[in-house]
Amino acid sequence: MSIITLKNQQFEAHIASHGGTVHGLWWHNQGRIIPLLREAKHADAAPVETGGFPLIPFGNRIPQNHFSFEGRDYHFQANTDDDPLYIHGESWQGLCQIAEQSENRLVLRFTHDKADAAFIYEAEQNFALDETGFTLSMRVTNKGDKAMPFGLGWHPYFHLTEQTQLQLNAQKMWTQGVGYLPENCVNIPDDLNFSRMKKIPDHWVNNGFEGWDGTATLVWPEQNTALTMSADPLFDRFFLYAPHGVPEPQSRSDYFCLEPMSHMAGDHCRDDYGGLKILQPSESLSGIIRLQPEQTKAFPAKV
């Protein structure tokens, strides 16, 4: 595994070839170095200890480790030590190959081509820095000999301070059910309605949202910094995760995740496969996510 550094005058990113994970993203602004994503503490950090990892060929969990598609049954085994369900596929845990590299751009590819695998595919991540921000272009290509449902997503980790605020527009929310899977689609409750800028609540949050317009603004008043996340229309859903109460019941997390996704967790087991896209052999699915910071005055916090 290697750590690749991308850099220009305004930004610096560290990308690991293992999983294509982001080990850090920093903004150099007026003599200050401002972290935009959580920093990995060491070079061999697991994906869940970094600043972000890919959700390719799908995001989140497959219910009961099983789904059926076009008359075939597919069964899976847990791929982590702490979850009984098959989660996020393989690319986030695999060793990527460097396809292209320059001072401010990196293309990583991962191929999963085991003969007995349900998903046979090529995953590509294109990381780029310019004078205004960070861009991640993602693509999955069906390399198998039959059609399969695929999805895309990204799992970034952002710093969560006492004053961190969030604004975005979504239409519906899924409650959390057994196995951390979505259960019921409901109207968004007031404490998780971020249509106006407000603080992230101080309780456990692990919910999927639908009808997202693809834009979110994160604000860290302590840093006088705002960050705009913008995503292609493909990513019209997201997961919001703030693990308050872990590991201690009264503990408060120092990070949260806002995960753009093309589908909801559990869509493999829905009759219409939800937001998953059916890719024929050699077909691809792609999307772009962008992070752009700016210096700003502190927003008035709303609780």
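**Figure 1. Pro247 lies in the loop between β22 and β23.** Strands, such as β22 (237-242) and β23 (255-261), are DSSP runs of E with at least two residues, and they are numbered from the N terminus together with helices, which are runs of H or I with at least four residues. The peptide bond that joins Val246 to Pro247 is cis, with an omega of about 5°. Most peptide bonds are trans. The model is predicted, and for that reason local features need pLDDT of at least 70 and side-chain atom pairs count only at pLDDT 80 or more, whereas totals for chains, interfaces and linings use all residues. Residues are numbered from 1 along each chain as its sequence is written, and side-chain values use heavy atoms, with hydrogens and water left out.

**Figure 2. The loop between β5 and β6 holds Pro57, Asn60 and Asn65.** Strand β5 covers residues 52-55 and strand β6 covers residues 66-69. A cis peptide bond is found between Ile56 and Pro57, and its omega is about 20°. Asn60, although it is not a glycine, has a positive phi of about 75°, and Asn65, likewise not a glycine, has a positive phi of about 55°. Most residues other than glycine have a negative phi. Asn60 counts as buried because its relative accessibility is 6%, where buried means under 20% relative accessible area, exposed means over 50% and partly exposed lies in between (1.4 Å probe, protein chains only). Asn65 is also buried, at 13% relative accessibility.

**Figure 3. Gln125 in strand β10 is a buried residue.** Gln125 counts as buried because its relative accessible area is 3%. A polar atom of the Gln125 side chain lies 3.2 Å from the backbone oxygen of Gly20; a polar contact is a pair of N or O atoms within 3.5 Å, and within protein one atom must be able to donate a hydrogen and the other to accept it, while residues adjacent in sequence count only if both atoms are side-chain atoms. When residues up to four places away in sequence are not counted, the residues that Gln125 touches (heavy atoms within 4.5 Å) include Gly19, Gly20, Pro54, Ile56, Leu106 and Met138.

**Figure 4. Gln125 is also one of the residues that line the second largest cavity.** About 40 Å³ of space lies in this cavity, and its lining includes Gly19, Pro54, Ile56, Cys96, Phe110 and Glu124. Strands β9 (105-112) and β10 (121-129) are the elements that give two or more residues to this lining. By class, the lining has six nonpolar, three polar and two charged residues, where Ala, Val, Leu, Ile, Met, Phe, Trp, Tyr, Cys and Pro count as nonpolar, Asp, Glu, Lys and Arg as charged, and the others, Gly among them, as polar. On a 1 Å grid over the protein atoms alone, a cavity is a set of points where a 1.4 Å probe fits but cannot get out, a pocket is an open set with protein on both sides within 12 Å along at least five of seven lines, and lining residues have an atom within 4 Å of a point. Grid points are joined across faces, edges and corners, and a volume is the space filled by probe spheres set on the points.

**Figure 5. The largest cavity has a volume of about 60 Å³.** The structure holds two cavities of 30 Å³ or more. Among the residues that line the largest one are Ala117, Phe119, Asn142, Asp145, Lys146 and Phe150. Its lining divides into six nonpolar, two polar and two charged residues.

**Figure 6. The largest pocket has a volume of about 800 Å³.** Of the 34 residues that line this pocket, Val48, Arg61, Asp82, Tyr241 and Tyr255 lie nearest its centre. Strands β22 and β23 each supply at least two residues of the lining, which by class has 17 nonpolar, nine polar and eight charged residues.

**Figure 7. The second largest pocket has a volume of about 320 Å³.** This pocket is lined by 13 residues, and Tyr86, Glu90, His112, Lys114 and Ala117 lie nearest its centre. The lining is made up of six nonpolar, four polar and three charged residues.

**Figure 8. The structure holds zero disulfides.** A disulfide is a pair of cysteine sulfur atoms within 2.5 Å. The sulfur of Cys257 is too far for a bond, because the closest cysteine sulfur, in Cys96, is 19 Å away. Cys257 is buried, at 0% relative accessibility. For Cys269, the closest cysteine sulfur is in Cys185, at 17 Å, which is also too far for a bond. Cys269 is partly exposed, with a relative accessible area of 39%.
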